[in-house]
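I opened this model to go through its strands, sheets and packing. My notes follow in the order I looked things up.

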Amino acid sequence: MTGQFAPASFLPFKKKALHTCSALLLAALGVLPTTSHAGFFDDLANLFGGGGGTTTPGGGTTAPGQAVIPADAYLKGTFGAVASWPLIPIHVVLLPDGRVMSYGTDAQGVQTAQFNYDIWDPSKGTGTASHLMLPNTTGTDLFCNAQIVVPSSGAVLLTGGDRTINGVRNYSADDVDFFDYRYNAMSASPDRMSALRWYPSVVTLANGKILVLGGRADPNTPAPTPDLYSEAEGWRTLPGATSDDAYGIRNWSYPRAWQAPNGKVFVATIWGGTYYVDPTGAGSLAATPLKLTEGDVYLPSVMYAPGKILAFRKLNKAVIIDINGATPTATTVKSVGQDRYHGSATVLPNGQVFVNGGSMVTNVANGVAYQAKLWNPTTKAWTVAATAKKMRLYHSVSLLLPDATVLTAGGGAPGPATNLNAEIYTPPYLYKADSSLAVRPVIQSAPTATTWGASIAATTDVTGISRVTLVKTGSATHTVDFDQRFMDLGFTAAGTNLTIRVPASANVAPPGYYMLFVFNSAGVPSVAKIIKLG
Ligand SMILES: [Cu+2]
């Protein structure tokens with residue numbers, strides 16, 4: 001849809017005059033205040049009725065989506081059948097109710113997220129009825145923006161995006177939009193960021209605010225000053241943390257950043273420098289002594305345990321970055337075996353890392369990695385996993401689902417394959433040694449919300465629970481998952497009654513939505529219950 005945005009609209013700080021903003025319309029009607037942040041979604045709730053709360057869909061045993069289970073499924077897991085997807089899911093985010101929002105192209109796989117997005121309900125399988133295509137009426141082309149669930153409301157915050165100027169795509173937007181999963185409704189916010197951002201990162205902080213880093217303002221201009229968002233206070237910018245090195249000209253594309261155990265935000269750049277950002281006040285940042293080998297914006301990194309990041313670097317290297325101590329350290333570990341540009345790294349409910357997709361030459365079908373691998377964080381060893389049917393290169397995604405399977409999907413716009421499809425990976429832990437489906441423990445009751453340091457009660461259908469873990473609901477795009485993190489939880493069991501200890505620190509477990517998994521005595525995980533922390 002070229003021509004919708006006049007060239008004159010491409011100006012920093014320009015207000016969103018062209019957007020049909022439902023919030024503004026409601027405000028004009030006297031229904032909503034124009035400046036409310038904290039009450040915005042509650043107001044919507046009151047307006048449209050309907051209760052809040054979260055539910056976990058699914059339940060029961062995962063079907064791997066194929067008639068014959070291979071004999072090595074208990075070692076390698078399986079990829080399910082190729083399932084068509086109503087668009088290329090360049091962006092995927094797990095919603096607080098267990099559904100998955102995705103967007104990125106039209107139904108033909110052509111670059112644009114201005115008109116439609118999809119809500120997929122995994123409990124309904126992968127057929128047409130499992131997808132709910134919704135119109136995007138915000139005016140924002142969400143293509144190559146950033147998305148994350150806001151901890152307080154559960155709404156998806158959508159920052160920046162794509163803009164077409166004089167028929168040329170890949171300019172940027174400073175738009176702010178929200179998707180409210182409770183009403184399947186997306187709305188444009190009256191607010192804007194301080195900068196136009198295309199390819200920014202979003203980080204959930206310990207205090208529940210969202211830090212927005214990097215992206216570029218136009219094809220020649222980065223956006224080196226972070227923005228900070230919260231529902232209570234709205235937006236402000238952090239001029240004291242401006243940095244060309246950390247998330248500006250030298251590292252603007254989806255900068256890799258994590259809330260760190262020390263309360264600051266750790267940034268690992270592609271050129272090797274590492275930083276701690278202090279997002280308080282006007283913001284500040286400081287370089288750390290740690291220098292990494294050269295990385296790439298299209299090589300994955302994943303926080304697989306509190307303060308520990310498995311990072312792929314160029315030339316088939318891998319390091320563990322440990323940010324638990326006073327000074328960050330990096331240790332070289334065995335690599336996945338080849339460069340996997342545009343591959344994904346997903347932490348599983350058992351703490352292992354699932355790596356799939358990618359190729360040896362960026363977005364070229366040369367050295368395509370169809371075979372997935374699993375990394376054991378205890379032994380640091382890689383094992384061969386199942387083989388996918390589709391190449392997953394540029395604009396592909398992977399996302400852990402509440403039933404402990406992994407959605408692998410997308411790729412294209414542009415690329416050698418236009419993947420309007422997904423393959424669901426079922427890990428080995430869901431199979432018995434004879435490769436039949438394992439019997440899963442069931443969480444029969446657990447709270448829907450908790451807080452740091454709490455002891456929570458849960459019940460299961462079996463005794464002998466061997467492990468309890470917590471995995472943050474993910475939000476993935478462009479080889480990065482902004483929000484995934486994993487932790488083991490301490491617990492005691494009395495029969496089928498569990499008492500589970502919630503992490504004490506929001507630096508280790510930032511607020512938001514988590515998947516709670518329990519494992520039976522055979523190491524088989526349950527379907528997760530989604531719990532709100534904070
Ligand atoms: Cu992109």
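**Overall make-up.** I began with the secondary structure: the chain has four helices and 41 strands. Helices (H or I, at least four residues) and strands (E, at least two) are DSSP runs, numbered from the N terminus. The model is predicted, so I kept in mind that local features need pLDDT of at least 70 and side-chain atom pairs count only at pLDDT 80 or more, while totals for chains, interfaces and linings use all residues. Residues are numbered from 1 along each chain as its sequence is written.

I looked up burial next. Of the 534 residues in the chain, 54% are buried. Buried takes 20 or more other C-beta atoms within 10 Å of the residue's own, exposed takes 12 or fewer, and partly exposed lies in between, with C-beta atoms placed from the backbone. Then I checked contacts, meaning residue pairs whose C-beta atoms, placed from the backbone, lie within 7 Å. Among contacts with a separation of 6 or more, 55% link residues 24 or more positions apart.

**Nonpolar cores.** A nonpolar core here is a set of buried Ala, Val, Leu, Ile, Met, Phe, Trp, Tyr and Cys residues joined through C-beta atoms within 7 Å. The largest one holds 138 residues, and Leu 157, Val 203 and Leu 399 touch the most other members. Strand E11 (residues 185-204) gives this core its largest share, eight residues. A second, separate core has five residues, including Val 368 and Met 391.

I followed Val 203 further. Setting aside neighbours within four places in sequence, I found Val 203 in contact with Ile 210, Leu 211, Leu 213, Ala 257, Trp 258, Gln 259, Val 265 and Phe 482.

**Sheet E20-E21-E22-E23.** These four strands form an open sheet in that order, with antiparallel pairing. Neighbouring strands are turned by 30 degrees against each other on average, direction ignored. Such angles come from axes fitted as lines to C-alpha atoms, for helices over the stretch in contact, and run from 0 to 180 degrees between N-to-C directions. Strands count as paired if DSSP finds at least two bridges between them.

I went through the pairs. E21 (residues 308-313) and E22 (residues 317-322) are joined by six bridges. Ile 309 has Ile 321 as its bridge partner in E22. The hairpin of E21 and E22 has three residues between the strands, and Leu 315 there takes a positive phi near 60 degrees. Five bridges join E22 to E23 (residues 329-333). Val 319 stands opposite Thr 332, and Asp 322 stands opposite Thr 329. The hairpin from E22 to E23 runs through six residues.

**Sheet E31-E33-E39-E38.** This is another open sheet of four strands, also paired antiparallel. Strand E31 (443-445) and strand E38 (491-494) are at its edges, since each has a single partner strand. The twist averages 35 degrees from one strand to the next. Two bridges join E31 to E33 (residues 455-460). Ser 445 has Thr 459 as its bridge partner in E33.

**Gly 240.** I ended in the loop between strand E15 (234-237) and helix H4 (244-247), where Gly 240 is found. Is Gly 240 buried, exposed or partly exposed? Gly 240 counts as partly exposed because it has 16 C-beta neighbours inside 10 Å. Gly 240 touches Gly 281, Ala 282, Gly 283 and Ser 284, not counting residues up to four places away in sequence.

Note on methods:
Two residues are in contact if their C-beta atoms, placed from the backbone, lie within 7 Å.
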